[in-house]
Amino acid sequence: NVSSYLCFRAPETEHEPKQEVLENKDVVVQRVHIDGLGRTKEDLLSYEIADVFQARNLIDVMRKSHEARRKLLRLGIFRKVEVVIDTSRGEDALPNGLDVTFEVTELRRMTGSYNTMVGNNEGSMVLGLKLPNVFGRAEKMTFQFSYGTKETSYGLSFFKPQPGLFERNISINVYKVTGQFPWSSLRETDRGISAELSFPVWKTNQTLKWEGVWRELGCLARTASFAVREESGHSLKSSLSHAMVIDTRNSSILPRKGGLLKIHQELAGYTGGDASFLKEDFEIQLNKTLFWDSVLSASLWGGLLLPIGDKPTNIADRFYLGGPTSIRGFSMYSMGPQSEGDYLGGEAYWAGGFHLYTPLPFRPGRGGFGDLFRTHFFLNAGNLCNLNYGEGPQAHLKKLAECIRWSYGLGIVLRLGNIARLELNYCIPMGVQSGDR
């Protein structure tokens with residue numbers, strides 16, 4: 001490997017009388033070195049380390065250097081970044097001058113992965129290929145191929161951030177994905193391309209997306225209902241969507257404080273394709289730490305699907321409800337409109353829940369493994385239906401308030417790092433309607 005040595009120099013500063021560099025004394029960062037660069041472009045890194053020059057005391061230098069190190073690692077192009085702070089040396093060195101050196105180790109040009117997955121009554125082999133820092137400015141190209149006992153899928157994506165503002169980025173994806181949905185006796189194969197632009201606005205993260213997808217729907221079993229057979233065939237969806245997210249939670253898996261607001265809109269049909277609709281959905285979550293190390297969490301989410309024109313909505317675009325991610329005690333997506341045991345989804349829904357998480361009784365394993373477990377009390381409720389859009393908003397609200405499904409229960413939650421959570425719950429479903437599972 002050929003390494004280069006990159007040095008950024010601060011503007012000239014008058015020499016001051018010699019003084020001892022202490023924590024409470026003023027200092028000047030004269031140079032920032034980045035050692036170990038190979039294919040990374042220099043202009044990309046100048047944005048990430050610029051704040052280090054603004055530090056005015058030793059504690060500030062350490063804090064801003066640590067923040068710069070975090071930014072460099074966030075780019076996803078370095079395997080290791082170490083920081084060395086030393087007094088300045090040379091003819092132009094100031095008595096209170098400091099040099100900061102970032103010693104970096106770049107990732108390989110190409111990395112691969114291989115793993116197997118078992119789930120949903122299917123086993124699959126997944127091959128991955130990743131090319132980090134393709135053109136030297138934190139671009140990333142990823143390819144993934146999945147070969148399963150039932151289905152084969154693949155995806156190719158390209159990601160490029162804006163230098164100096166990693167949160168503003170573009171990504172382009174080409175994919176083929178096949179899914180099986182036994183609750184609807186449906187099999188769906190999507191072949192598509194999408195382009196996304198993500199950017200921050202104030203405290204929000206915004207995403208604009210265009211997607212063109214060729215969808216092939218088929219029956220999963222010979223016993224599929226006639227309503228599902230009617231939906232089978234090919235369709236082309238071209239849609240524009242916008243998402244806004246405000247997330248102040250301290251964890252997305254098992255938060256103790258903070259909130260989440262997520263709003264999503266999708267408009268299909270105006271850029272081509274034979275699917276025409278307007279789709280709106282939202283999610284709100286609030287978390288509050290209470291006494292005895294317990295946490296109260298409240299959530300509400302809902303959505304509305306409006307067909308445009310005379311054509312009815314597609315089964316692949318509708319909402320589904322039920323299961324451990326929405327209303328516990330009901331089978332996965334197995335409530336609402338159905339035909340001969342196949343669930344067809346709905347054009348409007350709402351769901352909400354209250355959760356109380358407490359430490360395990362008597363606090364076994366406190367301060368260690370026991371802190372990964374929480375006792376879980378919950379109350380979930382919601383409804384899913386189709387609407388007659390000629391009736392007006394008041395009739396719609398009345399219909400969504402009828403025949404509410406709800407459940408309550410308790411259980412144990414295990415947090416698996418910041419990756420996932422496992423729940424073992426005893427659920428009592430209530431408000432069960434005819435056809436719900």
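1. Tyr-333 is partly exposed, with a relative accessible area of 25%. In this predicted model, Tyr-333 sits in the loop between strand E15 (295-307) and strand E16 (338-339). Its phi is positive, about 50°, although Tyr-333 is not a glycine. Most residues other than glycine have a negative phi.

2. A second residue of this kind is Ala-138, whose phi is near 70°, a positive value in a residue other than glycine. Ala-138 belongs to the loop between strand E6 (122-132) and E7. Is Ala-138 buried or exposed? Ala-138 is buried, because its relative accessible area is 2% and the cut-off for burial is under 20%.

3. As to the overall architecture, the chain comprises four helices and 21 strands. Its C-alpha atoms fill a box of roughly 85 × 55 × 45 Å along the principal axes. Of the 437 residues, 40% count as buried. Where contacts join residues at least 6 apart in sequence, 57% of them link residues at least 24 apart.

4. The chain exposes about 24300 Å², and carbon and sulfur atoms supply 58% of that area. With regard to charge, there are 51 positive and 48 negative side chains, and the centres of the two sets lie 4 Å apart.

5. Side chains of opposite charge can pair when their charged atoms come close. The count for this model comes to 22 salt bridges. One of these joins Arg-39 and Glu-106, with the closest N and O atoms 3.7 Å apart. The pair links distant parts of the chain, 67 residues apart: Arg-39 is in the loop between strand E2 (28-37) and helix H1 (42-49), and Glu-106 is in strand E4 (residues 97-106). Both Arg-39 and Glu-106 are buried.

6. Arg-137 forms a salt bridge with Asp-43, the closest N and O atoms being 3.2 Å apart. Arg-137 lies in the loop between E6 and E7 and Asp-43 in helix H1, so this pair ties together parts that are 94 residues apart in sequence. Arg-137 is partly exposed at 28% relative accessible area, and Asp-43 is partly exposed at 34%.

7. Glu-167 and Arg-74 also meet through their side chains in a salt bridge, at 2.7 Å from N to O. Glu-167 is in strand E9 and Arg-74 in helix H2 (residues 58-74), so the pair ties together parts that are 93 residues apart in sequence. Glu-167 counts as partly exposed, at 34% relative accessibility, and Arg-74 is partly exposed, with a value of 26%. Elsewhere, Arg-31, Asp-92 and Asp-99 are linked in a network of salt bridges.

8. A nonpolar patch on the surface has about 820 Å² of accessible area together, and its residues include Met-110, Phe-143, Tyr-154, Leu-156, Ile-172 and Trp-210.

9. Tyr-147 lies in strand E7 (residues 140-148) and is partly exposed, its relative accessible area being 48%. Leaving aside residues up to four places away in sequence, Tyr-147 touches Gly-123, Ser-124, Met-125 and Thr-152. Tyr-147 and Gly-370 are 223 residues apart in sequence and, from C-alpha to C-alpha, 38 Å apart in space.

Note on methods. Residues are numbered from 1 along each chain as its sequence is written. This is a predicted model: local features need pLDDT of at least 70, side-chain atom pairs count only at pLDDT 80 or more; totals for chains, interfaces and linings use all residues. Side-chain values use heavy atoms; hydrogens and water are left out. Helices (H or I, at least four residues) and strands (E, at least two) are DSSP runs, numbered from the N terminus. Buried means under 20% relative accessible area, exposed over 50%, partly exposed in between (1.4 Å probe, protein chains only). Contact means heavy atoms within 4.5 Å. Accessible areas come from the Shrake-Rupley method with a 1.4 Å probe; for residues, only the protein chains shown count as cover. Lys and Arg count as positive and Asp and Glu as negative; His and the chain ends are not counted. The place of a charge is taken as NZ of Lys, CZ of Arg, CG of Asp or CD of Glu. Patches are made of residues with over 30% relative accessible area and no salt bridge: like charges are joined within 9 Å, nonpolar side chains (Val, Leu, Ile, Met, Phe, Trp, Tyr) within 5 Å. A salt bridge is a side-chain nitrogen of Lys or Arg within 4 Å of a carboxyl oxygen of Asp or Glu.
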